[in-house]
Amino acid sequence: MLSKRTIIGLIVGSAIIAIGGYSLLTHLGTITIYEDYYVGVGDSTSYTIPAPDHSAQHLEISGASFDLNLKSPGVGLKIPSNSSDPISGSNTMESFKDRIDDPLVIDWTHLEDGETKILIQNTGDSELHITGELIRSSDPIWFTFDLMVITSGMVIIGFSMGFTLRKPKGF
């Protein structure tokens, strides 16, 4: 017969293991991030996107005036935009003006594993609005964290099973 404490420990430990297992499954593979961000006047923001090869990226920037510095993996990678000339992906610094009604749309695909680094500096007199859908690689630290959660659930179950042991005579 199991005691109340043992049953409670089994339920809590099983729930923690289930949460850790679900989290482990969601952290495998790539992660899609939906960005919706505003940059104040004179401020800047940066993005570092570690992504596997053949992962598609999408970014839209609208504002009065801004500078865009872009570094991406792969030699000679061209990132097409809705401007007249494609933006070179290797290491590019571009200035854009009057993009409030016509946002800069950048769509690109990683040709090899690596990090894309984007630095956006607001040089205009209004806020920048940045939206996008970015696909990135999962961080390996989450795998370790999820295993720690699963292990803690197992420890809780182990301790709770100690409450079912019969005490020897004299205790």
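**Rings, core and helix**

Author: Let us begin with one side chain, keeping in mind that this is a predicted model: tryptophan 142 has a relative accessibility of 38%, so tryptophan 142 counts as partly exposed.

Reader: ok, and what about phenylalanine 145, how exposed is that one?

Author: Phenylalanine 145 is partly exposed, with a relative accessible area of 44%.

Reader: how many aromatic pairs are there?

Author: The structure holds two aromatic pairs. In the pair of tryptophan 142 and phenylalanine 145, the ring centres are 5.8 Å apart and the planes stand at 90°, so this pair is edge-to-face. Both residues belong to helix α2 (residues 140–161), where being three residues apart separates them by about one helical turn.

Reader: switching topic, which residues touch the most other members of the largest nonpolar core?

Author: That core has 18 residues, and those touching the most other members are Ile61, Leu68, Ile118 and Ile120. Among the elements that give two or more residues to this core are β3 (56–62), β4 (65–71) and β9 (114–122).

Reader: what does isoleucine 120 contact?

Author: If we leave aside neighbours within four places in sequence, isoleucine 120 is in contact with several residues, including Tyr47, Ile61, Phe66, Leu68, Leu128 and Ile130.

Reader: and helix α1, what span should it have?

Author: Helix α1 (residues 4–26) has 23 residues, which at 1.5 Å a residue should span 33 Å, and the end C-alpha atoms are 33 Å apart, so the two values agree.

Reader: which residues of α1 are buried?

Author: Thr6, Gly9, Gly13, Gly20, Ser23 and Leu24 are buried in α1, and what covers the buried residues there includes α2.

How values were computed
Residues are numbered from 1 along each chain as its sequence is written. This is a predicted model: local features need pLDDT of at least 70, side-chain atom pairs count only at pLDDT 80 or more; totals for chains, interfaces and linings use all residues. Side-chain values use heavy atoms; hydrogens and water are left out. Rings of Phe, Tyr and Trp (its six-membered ring) pair if their centres lie within 6.5 Å; planes under 30 degrees apart count as stacked, over 60 as edge-to-face and the rest as tilted. Helices (H or I, at least four residues) and strands (E, at least two) are DSSP runs, numbered from the N terminus. Buried means under 20% relative accessible area, exposed over 50%, partly exposed in between (1.4 Å probe, protein chains only). A nonpolar core is a set of buried Ala, Val, Leu, Ile, Met, Phe, Trp, Tyr and Cys residues joined through side-chain atoms within 4.5 Å. Contact means heavy atoms within 4.5 Å. The expected span of a helix is 1.5 Å times one less than its number of residues.
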